[in-house]
Each structure stands twice: as C-alpha cells, then as structure tokens.
Amino acid sequence: MNSKDKILVIGAGIAGMEASLLLANAGRSVLLVEKLSLTGGNTIKNEDSFPNLECSTCMIAPIQQDILQNPNIEVMTLSTVKKVEGEAGNFNVTIDKKARYVSLVDCIGCGMCYEPCPVTLKNEWEENLSEKKAIYVPCEGSLPNVPAIDPEHCLQLNGKKSCNACVEACMFGAIDLSEKDEEVQVDVGAVIVATGFDMFDAGKISNLGYGKFPGVYTSMEFERLFASNGPTSGELVLRGGGESPRSIAIIHCVGRKELGYCSGVCCMDSFKYSHFLKNKLPDAKVYNIYSDICLPNKTYQIFYNKIKGEGGGFIFQSSPEDIEIKESSGKLGVNLTDRNGAAESLDVDMVILACAIVPGKESENLAESLGIELDGKGFFLTRKEDVGTVETSKAGIFVVGCAEGPKDIQNSVIQAEAAVGKAILIGEINGK
Amino acid sequence: MESKKTSSKIGVYICECGPNIADNIDIDTIIARLPSLEEYQNKELVVKRYKLLCSNEGKEFLENEIRENEFTHLVVAACSPRDHDTTFINVCKKTQLNPYLYKMVNIREQCAWIIPDKEKATEKAIRYIRAATSRVLKQSELIEKQLDIDPGVLVIGGGISGIETALSLAGKERKVYLVEKSSELGGKMNMFKELLPRQNGNRDIIEKKIEEVKKNESITIFLETELESAVGFLGNFEISLKNIKNNQPGAEFTVGAIVAATGFRLTDTGKLAQYKYSKESEVYTSLEIENMIKRDGKIVLKSGKEPESVGLIHCVGREEKGYCSQICCNYMLKFISFLQQQSDSIKIKDFYRDMCLPHKEDQGFFEEVKNKGADFIRISDVKIKGTHVEYTPIGKDKKEVDVDMVILAPAMEPEKGTEELAELFNVPLSETNFFQEEHQQLNPVETSIEGIFIVGACHGPAGISESMLQAQAASGKISTRLIPGKKIVPEVKVSEIMEDFCMGCRTCMDICSYGAITFDGELSVCVVNEAICRGCGNCAGSCPSGAIRAKHFTSAQIYQEIIEAIR
Amino acid sequence: MKPEGKDNFTPKIVGYLCNWCTYAAADMAGSSKLEIAPELTVIKVMCSSRIDFNMVLTTFFNGADGILIGGCHPGDCHYDKGNYYTRRRFALFKDIMKILKLDPERLQLSWISASEGNRYAEVVNSFTEKIKKLGPNPLNGNPYF
C-alpha cells in the first residue's frame with residue numbers, strides 16, 4: 001500500500017474508532033494512535049449512554065474488537081503524535097510510543113500478573129475510586145485485554161528495588177521489562193484528529209465543595225460508581241461510608257459560566273443519572289438543579305419528560321456557581337437561591353456536579369505539531385471559510401468529535417463519517 | 001492428492017492457554033474420552049492439545065494439521081470466540097477449509113475460569129466439545145457472494161443538505177441525480193440573507209453552491225420532480241421518477257444509494273391557540289423575518305416603518321411537538337442582533353423558557369446581544385393577542401406588555417410528504433415524525449434499510465452547519481461502501497425461506513427491521529433478499545410453519561447442541 | 001446414572017444467549033473469574049429473537065430442567081428491536097408451558113448487558129438454585145411421541 005493512502009487517526013474514542021473502521025472497511029490502511037493503554041475513549045466509561053440508555057459496552061465492544069482484529073488497522077496504544085511535517089497526501093509523522101512492557105501478541109489476558117505485583121496505586125482511569133497494581137488494565141473488559149506497566153511506579157523500572165514478580169508470574173513470556181520507549185516515523189496521506197475531551201475541574205469552583213466533602217462527586221466519578229464493571233461493581237455507595245445515599249442533588253452547568261459555553265450534553269447526562277438513581281434507589285430523593293435545559297436532538301425532550309415523570313425534583317437556579325455547599329453532621333447542605341430570589345437549602349447525602357466538557361490537555365501541543373489552530377476556548381478550529389466542516393486550516397488534516405467542541409455521540413460519529421468522506425472522496429473526485 | 005474427502009474427518013484441537021485452561025481442565029481426560037463416545041464410532045476423529053493455539057506457532061501448527069489430516073470439519077476448544085474466532089477463521093481460510101465448517105468452543109471463560117472444581121469443569125468442557133462437534137457436522141459450507149454495484153447516488157431534495165451531498169459525491173466515476181420538487185434549487189436557504197456570526201462570510205454560500213451543482217457534469221438535476229418508486233438494495237436500487245407538473249412518468253435509472261434531504265417546514269402556529277395571529281397583524285414567523293431581511297434588507301412593519309419595540313417568543317409549539325428545535329434560540333439572537341444594528345433605541349423583549357445554545361460559540365453571541373441591552377425574560381407561560389403579550393416570568397406573577405412587532409419561533413417539523421416517502425422506502429419514522437436513524441449513535445445518517453440515508457432537517461431539527469455535516473457524513477459512508485469498480489460482499493449468515501413450507505402469512509415481513517423480506521404474489525410466498533438480510537434470525541423465530549432457515553443457526557444445528565447440552 | 005432424587009439432583013440447564021450482550025457478559029464474568037454453577041450449557045444465538053417454540057419445546061422434551069434466555073436490555077438490541085419480539089414470544093412460551101403442565105418458572109428471560117458480568121453470574125447461579133429446588137423435569141421426554 002502506498003504510504004500516502006494510509007491515514008493517521010489520533011484518538012481511539014468513539015469518533016476515532018468509527019473513522020478508522022470505516023476507512024479500513026473501504027480498504028484503506030489506518031494507523032490509530034491512542035495515548036492510553038486501552039481503546040474506547042470516554043464513551044466506554046459510561047454504563048449506559050443517553051437517550052436510549054443503551055449499554056455502552058454492548059454498543060462499543062464489538063467496534064473495539066473489530067478495530068483490534070481488522071488487518072487494515074494498526075493500533076498503537078500509549079502513543080502520542082509528536083511532530084507532523086509535509087502536506088496533504090504526504091505527511092511525515094513522528095510518534096512517541098511509550099513502552100507497554102507487555103506484548104500485545106503474546107499476552108492472552110489471563111491476569112495472573114496482577115496479584116504478585118507489590119505496588120498498589122490509585123486507578124486514575126476509575127477516577128481514583130479504586131486501586132490498581134503497577135501492572136494493570138484500567139478496568140474489567142479493557143480492550144486490548146493486555147495490561148501495561150506504569151514505569152514510574154514499577155519498582156524494577158523506577159530503580160527503587162529489584163523486582164521480577166510479574167515476569168515470573170507470566171506463563172507466556174509476554175512481559176519484557178527491558179522494552180524501551182520508541183520514536184516511530186510514519187508516512188501518511190491524511191490525519192484525522194479525534195482526541196476527545198477532558199472534564200472541567202470542579203475544584204475550581206470552591207463553594208461547590210468538591211475535594212473538600214467526600215459526598216460531592218463529579219459526573220465522571222458518578223459514571224464509574226454506577227458502572228457494573230466499575231470500582232463498586234455498580235453498587236451506589238458513598239465514598240468511605242459504604243452507605244447508599246438517600247437524597248442526591250445533581251447540579252447542572254458546572255463550569256459553564258467560567259468557560260463561556262454550554263456543553264450541550266450535561267443536561268442529558270444529568271437526567272440519565274437521575275434515572276439511574278431512581279431505578280437503583282427507588283426511595284431516594286433526587287433533585288436536578290438547573291438553569292437552562294438544553295435538549296438539542298429530536299428525541300431528547302422525550303427522555304426529559306420521562307425523567308420528570310419519574311418524580312425527580314427540578315429546581316431552577318439561575319447561576320449554579322453561586323450555589324454554596326456546606327457540610328454539617330454528615331449531611332451536605334446545598335444552599336441556593338430559589339425562583340423568587342429567596343434562599344433555600346436542601347439537605348442531601350450526595351451531590352453530583354455535571355461538569356462541562358473542556359479541551360483535552362494535549363490539544364495545545366498537538367495543534368502546534370500539526371500546524372493547525374485552536375479557537376479561543378482551546379478546542380480545535382475548523383476552516384473559517386466553511387459553515388459546516390471537519391476540515392482545518394491545513395489541507396489533509398481533519399478534526400472530529402469533542403476535540404472540535406463539546407457534542408454528543410451522534411454528532412461525534414457524524415463528524416467522523418464526514419472526515420472519512422473527505423479523506424476518500426478528495427482522491428476519488430480528482431480522478432485518482 | 002488421490003483420496004477424495006468422502007466421509008467426515010473432524011479435528012478437535014484443545015488449547016491449553018498456558019495454565020489457564022490446562023490447570024483447571026483435565027485435557028488428557030478429554031482426549032482419552034472423546035473417541036470412545038458413541039457418536040464418533042463411525043467417524044474419523046483427531047483430538048489433540050496445544051499450548052497456545054492463537055500464537056503464531058499455534059496457528060501454523062493448526063494449519064499444518066488441517067492440511068495433513070484433510071479435515072472436513074474443525075473444532076477449536078479455547079477461549080471466547082469474541083477473542084479469537086477471527087484468528088481461527090483466518091486459519092481456515094488459509095487452508096481452504098470453509099470457515100463455516102469450523103466451530104469454536106469457549107472452555108476458558110465458560111468452564112476453566114468459572115468452575116473451581118476441576119472434575120466438574122472437565123465434564124462441562126466435554127459437554128461443550130461434544131455439542132460443538134455434533135453441531136459442526138450439521139453445518140454447511142457458506143460461500144461469500146460478490147455483487148456488482150452501481151456507485152451512483154440519488155439525492156432527494158435540492159436544499160442545502162441535498163446540494164452538499166451531491167457536491168461531495170459527484171465525480172468522474174460517480175453520477176449523482178438530484179431531484180427537487182419545486183422549480184428551483186436552494187430550498188429554505190433561498191429565504192436567508194444573514195447567517196449566524198459563527199458562520200460569517202458565507203452569505204452567498206447557497207448561490208455559490210447552486211452554481212457549482214449546475215456546472216458539475218456528473219450531477220443531473222431534475223426540477224419539479226418527485227420519486228415514484230425505488231426498489232432494490234445497497235448497490236442496486238431501480239429508480240423511477242415522476243414529473244409533478246404534468247403527472248407523467250419521468251426518468252428511470254439505477255443507483256447504489258439514496259439520500260433523502262427533504263427538509264422541514266415550520267409548525268402551523270394557527271393551530272396553537274395561544275399564538276393565534278392573522279396576516280394583517282404585526283406578528284411574524286421566523287421564516288417571514290428571514291425573507292423580509294433578504295427582500296428589504298431590514299425588519300419593518302407593514303407600514304414600512306421600523307419597529308421601536310419587538311417581542312420575541314421562543315419555543316412556539318415545543319411542548320405540543322414534544323421536542324426542542326435546537327436552532328431557534330440562535331436565530332432569535334441573530335434577529336435581535338440585526339434589530340440592534342438597525343436601531344440604537346430598539347426595545348427588545350425576548351421571552352424564552354430555556355436558552356438552548358449547544359455550540360461552543362453560541363453563548364458568547366448570547367452574551368454579546370444581551371450586553372447591548374436586550375431584555376431576556378425567562379417565562380413559564382406566554383400568550384399573545386396581536387402584539388399584546390401576556391406572560392408569566394418564572395416564579396412570578398403574570399404581566400403584560402404591548403410591542404410594535406412580535407416574532408415567533410415556531411418548531412420545525414418534517415416537510416410535507418416525509419411520511420409518504422418513508423412509506424415508499426419502508427423505513428420507520430421516529431416518535432417525533434422525523435426519519436429514524438438505523439442506530440441513533442453509531443449509524444446516525446442511515447436508515448434501517450442499508451443504502452438509504454437521511455440528512456438535514458428531515459433527520460431532525462438542524463441548522464445549516466449540522467445539515468452540511470450530515471450531508472458530508474452520508475457521503476462518507478457511501479464512499480466507503482460504493483467504491484467505483486469494486487464489488488460488495490453481503491453477509492452470508494442470512495435467512496432463507498423454503499418455498500414449499502411457506503404459507504405466505506407474511507409474519508416475517510412485518511417484523512423484519514431491515515425490509516429484507518418481500519412477498520412474491522405469484523407463488524404466494526415470502527422471499528428473503530440476501531443482500532439486505534443481516535442474519536438476526538428473528539424471522540426464523542417468528543415463522544409459524546418453520547419455513548425459514550437462519551443459515552449457520554438452523555434448527556438442525558441448534559438441535560444438535562441441545563441434545564448434547566442435556567445428554 | 002445418578003439417582004434423580006431432589007437432594008442430589010444435577011439439573012440440566014440450557015442458556016440461550018444473544019451474541020452481543022449476554023454472551024459478552026458471560027465473557028466478562030469469566031475474565032473476572034467469578035464462580036458460576038456448572039450445570040448451565042450455553043448455546044449462542046445471534047439475537048434472542050431467533051429462539052422459537054420448537055427450540056424451547058425440543059429442549060424441554062429432551063429432558064432439560066430449565067432454560068435461561070439472555071438478551072440485550074430493551075432498547076439495546078443490536079438488530080433494532082429483536083428483543084421486543086423475544087419478550088412477546090416469551091409470554092407465549094410460558095402459556096404453552098402451562099398447557100404442558102410444566103412449571104413456567106423453568107423458563108427465565110433475563111436482560112443482561114455486556115458490562116454486567118456480575119449480574120450474569122448472579123442470574124445463572126440463582127436460576128440454577130431455583131431449578132434445583134423445582135426438581136427434575138416431570139415430562140421426562142416428549143409426551144406426545
């Protein structure tokens with residue numbers, strides 16, 4: 001295959017995977033680069049996705065399997081793009097490929113190496129709600145189902161102590177602690193940027209008490225808490241205490257004012273949580289504290305109406321950043337201003353902060369490497385001359401999904417498909 | 001090779017999976033016991049173990065074994081087929097053994113890893129292997145078919161979505177047929193002058209694109225035309241058009257895919273009691289304002305005078321329709337911004353329920369407009385009598401105000417004829433009467449009929465940017481499936497209907513989500529179109545006369561598994 | 001042959017699992033190394049809607065003591081709405097079982113998604129327990145042939 005027919009996709013979340021698979025099935029060769037040790041992006045963290053509450057694993061796992069088994073796709077995990085030179089049809093890409101220390105070919109995913117590992121760490125992928133070993137898969141069902149070793153904490157690799165426990169436990173000779181980070185050079189014809197998003201740091205709004213009171217959760221923490229393959233196997237128990245919450249306040253729009261945009265998905269996520277809670281804890285009181293209800297899809301209001309029917313309390317609050325959360329005798333007090341401007345206080349056991357979507361941390365560096373622009377908010381910018389496009393200011397480089405701005409899965413996939421079309425049809429129309 | 005494969009010879013290969021299977025299942029017992037079982041007395045059976053079949057050496061070993069032993073059937077007892085089915089299918093393909101004569105048994109996830117008692121785990125593994133071996137003998141070779149395709153595309157609707165689709169796809173090797181019911185291209189965008197600030201510099205986007213379409217030699221335009229019939233499947237749809245004006249049959253041709261881009265209309269505000277207005281009053285719908293800006297370059301009253309105060313009402317018909325139209329807040333802000341530029345002293349009262357600003361640039365625009373002095377009032381209820389507005393601010397008492405002009409943002413609904421088109425295609429509409437996606441998240445611009453796509457406002461309320469992206473997305477999907485000069489390979493594990501048993505009740509036809517079943521009136525039987533069927537087997541499950549075979553999941557095959565499972 | 005008294009009775013249970021959700025959940029349970037009752041034999045189908053009267057009756061007539069049908073949660077079907085048809089047919093299967101004087105409890109339909117490995121284990125274990133309590137299938141072969 002000619003190198004310029006090869007397409008680089010950065011990010012193995014829903015948008016990147018969809019783009020890769022479509023291209024591969026059209027016979028194109030794809031290099032899919034993912035910074036983490038697993039595919040699936042943020043979508044795979046959700047137990048169910050709105051509005052149909054379809055199980056995310058059921059939805060995504062077949063795609064992840066396809067990606068890993070498709071002969072036209074090379075998946076490079078623990079890798080980031082460092083440099084891109086050249087132009088459309090002829091890019092030279094330099095990739096930083098971190099050592100995994102476990103062979104993707106030889107490892108069969110039996111998990112025998114975890115127990116002997118003497119190092120226990122917080123599991124960041126699980127929002128620090130559980131622990132992992134220095135050799136780990138982020139969660140049950142990770143794909144590829146092959147662990148990676150954290151070189152900063154592995155005793156042998158960080159040089160603190162001589163340790164060979166995992167190597168000895170592995171019956172397949174799949175672990176190689178002498179593996180080195182690599183710099184890989186690849187020639188590709190086009191680049192699709194699908195690096196996704198991060199979540200707004202709720203700690204920035206100090207009056208919401210995140211990080212201060214254990215009962216205050218971010219939306220991503222709640223997703224994992226609820227996930228049946230998550231830290232509590234889906235049991236809704238509060239941090240530390242081990243008890244289920246009896247009253248929960250979900251605060252919408254956390255970070256919206258600071259960031260200057262609405263993320264367009266948090267209302268639906270919040271309603272989903274509301275539904276989860278009502279389903280699992282039927283006697284629990286659930287409050288949705290909102291300012292604007294944003295339902296940008298033909299089916300979202302149907303979901304909203306259903307949630308309202310389930311009896312969650314809906315409280316209007318014009319500015320969520322003014323909410324003050326306090327703790328007294330084990331309860332969280334949510335102090336807000338009600339519709340008439342009078343102060344109101346809710347006593348709850350749990351607060352879920354529906355945090356805004358923010359640009360991925362690595363966006364700035366990546367934009368520089370790619371030679372494309374970011375907008376004022378830090379998301380990738382599409383070609384200014386166009387009304388609706390996935391093209392960037394540089395020909396042959398496309399941006400899709402939340403890397404371009406906050407959006408739901410549907411719109412991420414639409415952009416992925418659009419980028420695939422651009423990559424393929426440009427050649428076709430020019431009569432290649 | 002002189003020996004012809006006349007009788008069956010089955011290979012059963014058990015993977016040790018390192019210690020994972022070997023430690024928890026007594027593989028030697030299986031190897032010793034299997035050949036003595038009654039069902040293998042008249043058959044040739046080879047049972048072997050290997051340390052790791054999915055490794056490169058393992059695959060080579062298996063390949064050689066298949067070749068040397070000339071197996072007619074193969075069973076691999078190892079991990080979950082979700083991990084390595086493809087691996088062993090590829091081994092089969094390399095050795096010319098039809099992959100449908102092979103079966104994988106999951107003795108790791110379903111035996112070794114979940115049953116601590118080794119004896120019990122071994123018993124269960126034997127049960128599984130026996131079931132698979134019996135089944136595999138009932139399996140039949142399935143051969144992939146290659147179908148020729150026509151890379152051409154029919155686009156229905158000459159608005160921005162249809163035009164963008166046509167321009168994205170038309171090329172040297174791909175013809176596009178663009179059908180428009182009215183006498184000109186451009187659709188609703190012909191009524192627009194101003195776009196949103198984030199779409200700046202593109203006021204003439206539609207004119208430019210219409211020019212491009214007209215110039216493009218690969219695009220054939222049919223005006224005042226509609227679709228009469230479309231029969232077929234991805235790669236091969238027979239199309240007949242109809243001339244609307246004289247009601248005469250139009251062109252006939254073949255395409256590989258169809259894109260519906262039939263757009264929207266505004267909901268009839270006359271039907272909503274609280275917004276009743278007459279043409280004589282100073283109450284306007286959003287499209288009337290767009291048109292006014294385009295025609296007059298300004299927003300004026302019937303007298304020609306500029307209004308001094310304007311009330312804008314969002315969400316008109318939202319509750320009644322049951323969905324948010326998602327673009328109204330934005331264009332209302334656009335009108336306010338226009339009015340603010342038109343007159344410094346303009347008094348704006350904007351009555352909204354929720355500000356829906358789902359694009360990253362939207363809130364900035366909102367704040368800009370708000371800071372220029374527009375009064376945004378969040379309401380729980382609103383009613384108009386002409387330009388007299390009665391409203392209830394959220395949590396407060398009812399108020400009223402008189403303005404010079406009222407602008408309504410009526411909900412978008414699918415254009416007239418959407419339902420008929422859905423019926424013609426045999427695709428479902430969503431609860432909200434727009435077309436329904438095959439999968440809302442994973443396949444958002446295709447319908448349940450493969451090869452029929454939906455883009456723009458017929459898909460759901462959408463602005464210009466969203467519509468164009470959807471058009472490009474549909475083009476993207478089409479470009480990966482209909483590659484000029486290449487054939488397509490449909491799924492082979494599909495259903496087939498045995499004519500002799502079918503009584504023509506059409507139960508299967510009603511339940512098929514993909515429209516893969518048609519009725520043959522002459523023979524009075526149902527027929528499966530194998531190019532469309534996806535092989536779920538629902539029809540086989542529904543057939544009251546057992547006339548449907550779900551290939552690779554036939555009753556006979558499953559029966560063998562049942563017998564062994566409960567032996 | 002083991003004597004089929006209720007006390008040391010080893011039931012024969014067939015689990016019809018859909019390829020996309022419940023089969024994947026079984027894998028997740030397996031890779032989590034959860035302990036699961038060995039009596040259930042899994043038969044994979046692409047969609048739970050493939051399961052017809054014949055399969056259910058054949059399974060019982062041949063001596064199965066219980067059948068577990070596992071499919072995607074409503075709304076999750078890989079084939080749009082196959083599992084809704086499964087649900088409808090399931091109600092009819094139960095009616096037929098009553099006619100055959102088979103305890104309808106011997107047939108169970110559970111929606112188990114791919115990430116619900118724990119639930120899969122729980123469902124299989126509790127269903128196996130239930131069948132053990134119900135004892136052997138009284139039909140003891142096909143009563144009509």
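**Exercise 1. Strand pairing in chain B**

In E10(B), which residue is the bridge partner of Ser240(B), and how is the surrounding sheet arranged?

Solution. The bridge partner of Ser240(B) in E10(B) is Glu252(B). Before going further, note that this is a predicted model, in which local features need pLDDT of at least 70 and side-chain atom pairs count only at pLDDT 80 or more, while totals for chains, interfaces and linings use all residues. Residues are numbered from 1 along each chain as its sequence is written, and chains are lettered from A and ligands numbered from 1 in the order in which they are written.

Next, take the strands themselves, where helices (H or I, at least four residues) and strands (E, at least two) are DSSP runs numbered from the N terminus, and two strands pair if DSSP finds at least two bridges between them. Strand E9 of chain B, residues 236-243, pairs with E10(B) in the antiparallel sense over 6 bridges. The open sheet has 3 strands in the order E8-E9-E10 (chain B), with antiparallel pairing. Strand E8 (225-233) and strand E10 (248-255) of chain B are at the edges with a single partner strand each, so one side of each is left without a neighbour in the sheet. From one strand to the next, the twist averages 20°.

**Exercise 2. Two packed helices**

At what angle do helix H3 and H4(B) of chain B pack, and which residues meet?

Solution. Helix H3 of chain B (residues 56-69) packs against H4(B) at an angle of about 40°, and their axes are 9 Å apart; axes are lines fitted to C-alpha atoms, for helices over the stretch in contact, and angles run from 0 to 180 degrees between N-to-C directions. That makes H3(B) oblique to H4(B), since angles under 35 degrees count as roughly parallel, over 145 as roughly antiparallel, 65 to 115 as roughly perpendicular and the rest as oblique.

For the residues, a contact requires that the C-beta atoms, placed from the backbone, lie within 7 Å. Lys59(B), Leu62(B) and Glu63(B) of H3(B) meet Thr87(B), Val91(B) and Lys94(B) of H4(B). The residues of this contact of H3(B) with H4(B) comprise 2 nonpolar, 1 polar and 3 charged, where Ala, Val, Leu, Ile, Met, Phe, Trp, Tyr, Cys and Pro count as nonpolar, Asp, Glu, Lys and Arg as charged, and the others, Gly among them, as polar.

**Exercise 3. The two sides of chain B**

Solution. Begin with chain A, where 52 residues are in contact with 59 residues of chain B. H14(B) gives the most to this side of chain B, with 14 residues, and by class the side has 23 nonpolar, 27 polar and 9 charged residues.

**Exercise 4. A hairpin in chain A**

Over how many bridges do strand E6 and strand E7 of chain A pair?

Solution. Strand E6 (residues 79-87) and strand E7 (residues 90-97) of chain A pair over 8 bridges in the antiparallel sense. Glu85(A) stands opposite Asn92(A) in E7(A). The hairpin of E6(A) and E7(A) has 2 residues between the strands, and Gly89(A) takes a positive phi near 90°.
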